[in-house]
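Visitor: I have a model open and want to learn how to read it. Please take me through a few features.

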Amino acid sequence: MRIASVQAYAIKIPPVGDVSRAVDDQVEAYGDYTIAADAWTSIYSRNHETCLVRLETDDGLVGWGEGQAPVAPRATAAIVEELCVPLLLGRDPFDVEYIWYRLYSAMRERGHVTGFYVDALAAVDLALYDLLGKALNKPVYKILGGAFRPDVQVYAGMGGTEPDAAVDQAKFLIDAGYRSLKLHLRMPNLQILAVAEAVRKAVGPEIELLVDVHGTRDVSEAIELGKGLEELSVRWLEAPCQPEDIRGQAEIARALSMQVATGEWLRTVWEWRDWIALRGFDVAMPDVARTGLSEGKRIAALCDSFNLPIAPHVGGGGILSVAATIHYSLAIPNFQIMEHGHESLDWKGSVAHFYPVPREGRFAAPQEPGLGVEIDEAAVARFAV
């Protein structure tokens with residue numbers, strides 16, 4: 001069995017219902033994208049954007065993967081088509097870890113050791129695992145070494161910059177079966193604490209609360225905020241300061257009793273190594289649609305050797321990203337909890353006939369071969385840019 005064709009698709013799915021709403025502080029728009037005018041926050045798209053990769057073997061077997069591309073998915077698709085294809089055609093798909101390393105090595109001397117290039121490798125890697133699962137008639141977590149647990153607990157991300165709105169959203173998600181909620185908040189510390197306090201009072205002590213500030217604090221502000229959140233029994237503070245400030249985040253982690261979670265932007269063990277050496281976090285958040293499963297397993301093993309748990313990031317990832325993260329979460333010993341977007345799942349699933357759905361805040365271990373997503377190829381063609 002050899003890889004006979006590789007196709008990459010830049011996907012843009014128009015917004016559906018409430019999932020189209022922009023983050024509250026985004027006030028400038030250009031085309032499909034919005035960005036805050038007064039903060040160092042990310043560009044967001046009004047659409048669901050991502051990059052899908054389709055691999056087909058010479059005997060007609062098809063595997064699908066995804067490289068997370070919440071903006072500019074054509075960049076990731078172009079990398080697959082122009083740089084990855086020549087090294088993929090004719091290869092044995094069972095050489096999956098070798099293929100990731102060979103592709104990575106093809107550009108490392110030129111300095112492309114992260115970013116869009118590595119996201120493209122992740123898309124190929126996930127497609128290879130989907131292909132192998134179908135070839136062996138096994139779910140991917142079996143190929144990764146087997147399940148450490150029967151199911152995967154998730155937390156539901158939520159917005160709400162005003163206490164009343166946040167409380168309403170929290171109650172809605174609890175009614176949907178979630179026992180862990182993550183508040184995305186970027187306001188000044190006192191406003192964040194007011195929202196978190198209102199939610200804590202409304203949901204009681206049994207519901208786990210997490211707070212993500214998206215890198216918007218300096219070190220002293222993050223420590224001040226963390227100490228206030230500790231009084232509300234918030235489990236973790238996520239991405240407290242800018243991604244480049246390893247020592248600053250290490251200082252925050254040492255100063256707080258609560259967990260500091262971070263790392264969605266780190267794609268390889270070489271990047272994670274420096275963060276671990278400085279103990280820059282308490283919970284690692286790799287994103288398998290950026291790392292791939294091959295490198296994601298290496299990252300999990302490295303973290304496990306330092307007794308550090310994994311809480312996989314999903315963020316803007318699409319339906320294949322969600323599915324791959326379920327398999328990853330089952331197949332590593334140091335899993336803690338997985339990110340999930342309750343209201344965006346059907347939106348992301350617009351390119352599929354079938355995909356995993358959580359029940360009572362948990363994904364069951366998939367039984368279908370491969371990643372467990374049945375892609376609708378007509379929908380992929382319809383949403384492709």
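Visitor: Over residues 163-259, what percentage of the chain is helix and what percentage is strand?

Guide: This is a predicted model: local features need pLDDT of at least 70, side-chain atom pairs need 80 or more, and totals for chains, interfaces and linings use all residues. Residues are numbered from 1 along each chain as its sequence is written, and side-chain values use heavy atoms, without hydrogens or water. Helices (H or I, at least four residues) and strands (E, at least two) are DSSP runs, numbered from the N terminus. Residues 163-259 are 52% helix and 14% strand. The end C-alpha atoms of that stretch are 24 Å apart. An unreviewed UniProt entry lists it as "domain: Mandelate racemase/muconate lactonizing enzyme C-terminal".

Visitor: How many residues of β8 are buried?

Guide: Buried means under 20% relative accessible area, with a 1.4 Å probe and protein chains only. In β8 (residues 180-184), four of the five residues are buried.

Visitor: How many bridges join β7 to β8?

Guide: Strands pair if DSSP finds at least two bridges between them. Three join β7 to β8, and the two run parallel. Ala156 stands opposite Leu181 in β8.

Visitor: Where is Arg149, and which side chain of opposite charge is nearest?

Guide: Arg149 is in the loop between α4 (140-143) and β7 (151-158). A salt bridge puts a side-chain nitrogen of Lys or Arg within 4 Å of a carboxyl oxygen of Asp or Glu. Arg149 is buried and has none; the nearest opposite charge, Asp151, is 7.1 Å away.

Visitor: Which backbone oxygen does the Arg149 side chain reach at 2.9 Å?

Guide: That of Ile332.

Definitions and conventions: Buried means under 20% relative accessible area, exposed over 50%, partly exposed in between (1.4 Å probe, protein chains only). Lys and Arg count as positive and Asp and Glu as negative; His and the chain ends are not counted. A polar contact is a pair of N or O atoms within 3.5 Å; within protein, one must be able to donate a hydrogen and the other to accept it, and residues adjacent in sequence count only if both atoms are side-chain atoms. UniProt positions are given in the numbering used here, feature names are shortened, and annotations may be inferred rather than shown by experiment.
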